[in-house]
Amino acid sequence: MRNFSFISKGGLAVCVLLLFVGLLAIASVSPAASTMGSLACAPIVFGMMGQTSGVEKSVKCTAAVSAFTIAKFGADDDTLSAATASTEDLIGIFQHDTAAAGDEVRVMLTGISKVVLGGTVTRGNWLTSDANAKAVAIGAVAGTNYNSIGRALASGVAGDIIPVLLEPGRPQG
């Protein structure tokens with residue numbers, strides 16, 4: 001039987017070394033150490049659907065915010081605020097609590113994030129914001145456009161924290 005090898009022993013050693021160096025580089029990137037306005041790739045966790053992964057942006061908040069609530073654009077390019085209605089331009093999900101206006105906060109912009117529910121949601125529903133920046137299913141009024149943050153990846157009720165696939169858009173009821 002003939003053995004077909006595409007990588008020589010020396011080539012294999014180089015591949016292993018490059019993989020190790022790449023893992024070290026990834027491990028040394030800390031979203032907490034990011035600077036204002038920078039983008040960072042959050043850790044990718046292998047396992048059940050719902051683990052947080054994607055692109056985050058570090059910005060300042062216009063007031064204290066709660067973890068896993070919906071963010072909207074703030075007064076300028078470097079701030080975000082908690083969403084208060086389904087009619088606002090929704091941009092992402094706050095990833096941790098802050099204490100006051102001006103605090104730096106990480107916001108998940110793409111990927112899968114956790115979100116706090118403000119009402120009953122069924123897996124697959126398009127989600128928007130209620131008055132408290134919590135996720136609720138979009139309305140069902142035919143012909144009405146709703147600003148959405150993404151799609152629910154699990155079902156839940158008010159107060160639950162579920163995974164959401166971030167897909168900001170304007171689906172129609």
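**The surroundings of I149**

I149 is in contact, meaning heavy atoms within 4.5 Å, with I70, L90, I91, G92, I93, L127, L165, L166, E167 and P168, neighbours within four places in sequence being left aside. What we see is a predicted model, in which local features need pLDDT of at least 70, side-chain atom pairs count only at pLDDT 80 or more, and totals for chains, interfaces and linings use all residues. Residues are numbered from 1 along each chain as its sequence is written, and side-chain values use heavy atoms, with hydrogens and water left out.

I149 also belongs to the largest nonpolar core, which has 18 residues. Such a core is a set of buried Ala, Val, Leu, Ile, Met, Phe, Trp, Tyr and Cys residues joined through side-chain atoms within 4.5 Å; buried means under 20% relative accessible area, with a 1.4 Å probe and protein chains only. In this core, I70, I93, V115, L127 and I149 touch the most other members. At least two of its residues come from each of β5 (90–94), β6 (104–116), β9 (148–152) and β10 (161–169). A second, separate core holds nine residues, among them A71, F94, V107 and L109.

Turning to the whole protein, one helix and ten strands are present; these are DSSP runs, helices being H or I of at least four residues and strands E of at least two, numbered from the N terminus. Of the 173 residues, 36% are buried. Among contacts with a separation of 6 or more, 56% join residues 24 or more positions apart.

Conventions. Buried means under 20% relative accessible area, exposed over 50%, partly exposed in between (1.4 Å probe, protein chains only).
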